[in-house]
Amino acid sequence: MLAALPELAVELEQGVSLARVTCLGIGGRTDLLRIGRHAAIPDLVNLLHGGGIAHKFLGGGSNLLVADEELPFVVMQLCKPEPEVAVEGNTANVDAAADLGRTVTFCAKRNLGGMEGLIGVPGTVGGALRMNAGAYGTQIGSYVREVRVYRAGERKIETLKGDQISFEYRHTSFGPNDMMLSVKLELPTKPYEEIIKGIRICNEKRRSSQPLGQKSAGCIFKNPPGASAGRMIDELGLKGFSVGEARVSDRHANFFINSGQACAADMLALIANVREQLHAAYGVNLENEVVVWNG
Ligand SMILES: Cc1cc2nc3c(=O)[nH]c(=O)nc-3n(C[C@H](O)[C@H](O)[C@H](O)COP(=O)(O)OP(=O)(O)OC[C@H]3O[C@@H](n4cnc5c(N)ncnc54)[C@H](O)[C@@H]3O)c2cc1C
């Protein structure tokens with residue numbers, strides 16, 4: 001298999017610690033396959049299937065909690081192309097590997113707004129599409145007109161129209177075997193100054209309420225309908241509660257922090273414990289927003 005990789009423009013990095021490439025700074029080792037050309041993906045996946053090798057897709061690693069041990073799958077990641085975004089009228093054609101924040105500001109400079117709330121959401125556009133990332137009343141799905149996706153189940157690249165995809169609160173109709181390749185976003189025209197003002201407001205809200213600069217995966221739990229998971233955790237006095245070096249943030253109770261050398265087992269135990277306490281107190285069963293890659 002290794003011999004075919006350069007021909008496919010795939011770069012192999014062996015034994016990569018996923019703690020190094022995730023925002024939580026937790027995760028065991030595996031091989032990382034960096035893909036330089038979308039068209040090579042079907043052949044690459046065929047090679048992996050032929051060798052009985054399981055795979056997962058990595059974006060920017062900002063919403064992942066990865067098991068500690070040697071991992072039983074390889075990880076595929078798209079390389080960033082040049083340019084990452086091309087604008088045509090009100091449409092932005094964006095590669096899935098593009099940085100989400102840079103995409104928002106690139107579009108802003110061309111008087112295309114709407115995505116101000118997404119500023120400060122770390123990671124790639126591919127990851128944002130998969131998760132339907134959102135904040136401050138905006139979600140990326142609202143602007144999606146088309147997504148080019150590799151469907152590993154069917155081994156083919158397809159273009160889906162926006163109305164063929166459902167985007168819900170941190171949930172989409174994409175399957176686990178779909179790899180986002182690129183997206184066509186349709187954005188409203190707005191003066192640059194107005195967009196920048198919105199961006200500054202959102203940045204300030206984030207700075208004043210989130211533990212930025214600490215290792216986290218953003219919100220651990222989805223909010224239950226009509227309620228705030230963070231507020232409920234806070235009401236139970238769980239800010240600062242910890243298991244090993246995994247800790248509920250003092251700043252935002254739905255952010256769980258790796259305060260040193262936390263391992264996945266610590267973080268999973270903290271998640272399970274907080275979930276149990278919330279269930280006992282409020283009768284709600286919190287669903288993970290963080291994506292867990294088990295070993
Ligand atoms: C400080 C902080 C603040 C955050 N704030 C927010 C917020 O306000 N709102 C919000 O929604 N999220 C927030 N998050 C969570 C996270 O940034 C988002 O979910 C983000 O969109 C994930 O993108 P990513 O590229 O990092 O994806 P990853 O974490 O790499 O992956 C997440 C999931 O998407 C899949 N995936 C990634 N790329 C692809 C691809 N190309 N094709 C198919 N599947 C793919 C992965 O397999 C995985 O299942 C925050 C995280 C942090 C650390």
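**First stop: a loop between two strands**

Select R155, which lies in the loop between strand 10 (144–151) and strand 11 (156–161); helices (H or I, at least four residues) and strands (E, at least two) are DSSP runs, numbered from the N terminus. The model is a predicted one, in which local features need pLDDT of at least 70 and side-chain atom pairs count only at pLDDT 80 or more, while totals for chains, interfaces and linings use all residues. Residues are numbered from 1 along each chain as its sequence is written, and side-chain values use heavy atoms, with hydrogens and water left out.

R155 is not a glycine, yet its phi is positive, at about 55°. Most residues other than glycine have a negative phi, and most peptide bonds are trans. Is R155 buried, exposed or partly exposed? R155 counts as partly exposed because its relative accessibility is 36%; buried means under 20% relative accessible area, exposed over 50%, and partly exposed in between (1.4 Å probe, protein chains only).

**Further loops**

With a relative accessible area of 15%, R170 is buried.

Now select E82 and P83, which are joined by a cis peptide bond with omega of about -10°. P83 belongs to the loop between strand 5 (74–78) and strand 6 (85–88).

In the loop between strand 4 (64–66) and strand 5, select E70. E70 is exposed, since its relative accessible area is 63%.

Select D178, which is placed in strand 14. Its relative accessible area is 7%, so D178 is buried. Which residues is D178 in contact with, leaving aside its neighbours within four places in sequence? They are F57, V149, Y150 and R151, where contact means heavy atoms within 4.5 Å. Of these, F57 is 121 residues from D178 in sequence, but the two are 9.0 Å apart in space, C-alpha to C-alpha.

Display the side chains of D178 and R151, which are joined by a polar contact of 2.8 Å. A polar contact is a pair of N or O atoms within 3.5 Å; within protein, one must be able to donate a hydrogen and the other to accept it, and residues adjacent in sequence count only if both atoms are side-chain atoms. A polar atom of the D178 side chain also lies 2.8 Å from the backbone nitrogen of G175.

Continue to S182, in strand 14. S182 counts as buried because its relative accessibility is 18%. Not counting residues up to four places away in sequence, S182 touches V94, D95, A96, E146, V147 and R148.

**The nonpolar cores**

Select I41, L44, M76, V147 and L185, the residues with the most contacts inside the largest nonpolar core, which has 53 residues. A nonpolar core is a set of buried Ala, Val, Leu, Ile, Met, Phe, Trp, Tyr and Cys residues joined through side-chain atoms within 4.5 Å. The largest share of this core, five residues, comes from strand 14.

Centre the view on M76. Not counting residues up to four places away in sequence, M76 touches several residues, including L33, I35, H55, F57 and M179. A second, separate core has 23 residues, among them F221, A229, A253 and A264.

**Last stop: the ligand**

Finally, select the ligand and the residues around it. How many residues surround the ligand? There are 31, and the closest are F57, G60, S62, T124 and G134; a residue is near a molecule if one of its heavy atoms lies within 4 Å of it. By class, this shell has 15 nonpolar, 12 polar and four charged residues: Ala, Val, Leu, Ile, Met, Phe, Trp, Tyr, Cys and Pro count as nonpolar, Asp, Glu, Lys and Arg as charged, and the others, Gly among them, as polar. Helix 3 provides the largest share of the shell, five residues.

Inspect the polar atoms in turn. A polar backbone atom of G60 is 2.7 Å from an oxygen atom of the ligand. A polar side-chain atom of T124 is 2.7 Å from an oxygen atom of the ligand. At G134, a polar backbone atom lies 2.7 Å from a nitrogen atom of the ligand.
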